[in-house]
Amino acid sequence: MAKRGYLHGFGARERDRLRRQARVLEPMVHDHLPFHRRRSCLEVGSGVGAQTEILLRHFPDLHVTCVERSATQIAEAKRFLRTVPWARGRFTLVEEDATRLPFDREEFDCGFLCWILEHVGDPARVLSELRRVLLSGAPIVANEVLNATFFIDPYSPNTLQYWMAFNDRQLELDGDPFVGAKLGNLLQQVGFHDVQTLVKTFHLDNRAPGERAEFLRYWTDLLLSGAPQLLAAKKVRQAVVDGMKQELDRVARDPNSVFFYSFIQARARA
């Protein structure tokens, strides 16, 4: 589960961004998850524990085992979850590669993944390992990006140039910024059943100005979090980054701006 395609870094600002992202996307990511009456969840690629906190809040009987390869992220998740009263005694953190899970067959009764398969070179192998350790019939929920859907108005050429470079770099690093569209095939390929895919769309315009402004702030943070690596790899010039900042500020202030993006949530059973 090496995050070779992870463009955002592991610093304090990125940890804060991940927690903000989890809160902003919570209504869509955690909408009616099929985890009621479940007791043991395996979360793959748990990062700083931002999604773990939400799972534990929504499902009071659940114990979440978090698998994460980065020791830095594990340490931050431990620090963060220890500050959450409802998480006490209800989580286990495991530093491990998700392609070689250190668990027995049929050890968990549900599985959860969020923004992780876009960062791994062999998502089918990760999903196959997850299926191995799930009980028969256990539900799995996987949320993944589909970066081809991104659109903003007014037209922002620097932002679009930067976004293409962002996706190209992730592909170079053995990630996949379009993996969301492939979840149905991947889950079937490794033996999951009852596979469903839901297209979750943010289409924000004058009908929801407050939500549009909040999401544009979140998206600006997401884009800029990749700038240091993209600049270092010479995928973009500083002029493009500066131009993108100006464009995003203009979009945020435009009374008729539009933001559109879709991600995919897949649900299946082992």
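**Reading strands, a helix and the cores**

Tutor: Let us begin with a pair of residues, keeping in mind that this is a predicted model: Glu43 stands opposite Cys66 in E2.

Student: How many of the six residues of E2 are buried?

Tutor: As a general idea, side chains in a regular strand alternate between the two faces of the sheet. In this case E2 is mostly covered, with five of its six residues buried.

Student: What do E1, helix H2 and E2 make together?

Tutor: They make a right-handed β-α-β unit, in which helix H2 covers residues 50-58. Another right-handed β-α-β unit is made by E2, helix H3 (residues 71-81) and E3.

Student: Turning to helices, which residues of H9 are buried?

Tutor: An α-helix has 3.6 residues a turn, so residues three or four places apart point the same way. In H9 the buried residues are Val240, Val241, Gly243, Met244, Glu247, Leu248 and Val251. Seen down the axis of H9, these buried residues fall within an arc of 160 degrees, and therefore they line one face of the helix. The face turned away from that buried side carries the exposed residues Gln246 and Arg253.

Student: What covers the buried residues of H9?

Tutor: The cover includes strand E6 (151-153) together with helices H5 (157-172), H7 (209-225) and H8 (227-232).

Student: How far apart are the end C-alpha atoms of H9?

Tutor: They are 23 Å apart, which agrees with the 22 Å that the 16 residues of H9, 238-253, should span at 1.5 Å a residue.

Student: Which residues touch the most other members of the largest nonpolar core?

Tutor: Of its 52 residues, those are Phe112, Tyr162, Phe215, Trp219 and Phe259. The largest share of this core, six residues, comes from H7. Apart from it lies another core, of 32 residues, which includes Val44, Ala124, Val126 and Ala138.

Student: What is Tyr162 in contact with, leaving aside its neighbours within four places in sequence?

Tutor: Among its contacts are Val240, Val241 and Met244, residues that are buried in H9, and Tyr162 also meets Leu223, Leu224 and Leu230, among others.

Terms used
Residues numbered from 1 in each chain as written. Predicted model: local features only at pLDDT ≥ 70, side-chain atom pairs only at ≥ 80, totals over all residues. Heavy atoms only, no water. Helix = DSSP H or I, 4+ residues; strand = E, 2+ residues; numbered from the N terminus. Expected span 1.5 Å × (residues − 1). Buried < 20%, exposed > 50% of the residue type's maximum accessible area, 1.4 Å probe, protein only. Arc of directions from axis to C-beta. Contact = heavy atoms within 4.5 Å. Right-handed = clockwise from strand over helix to strand, strands pointing away. Core = buried A, V, L, I, M, F, W, Y, C linked by side-chain atoms within 4.5 Å. Pairing = 2+ DSSP bridges.
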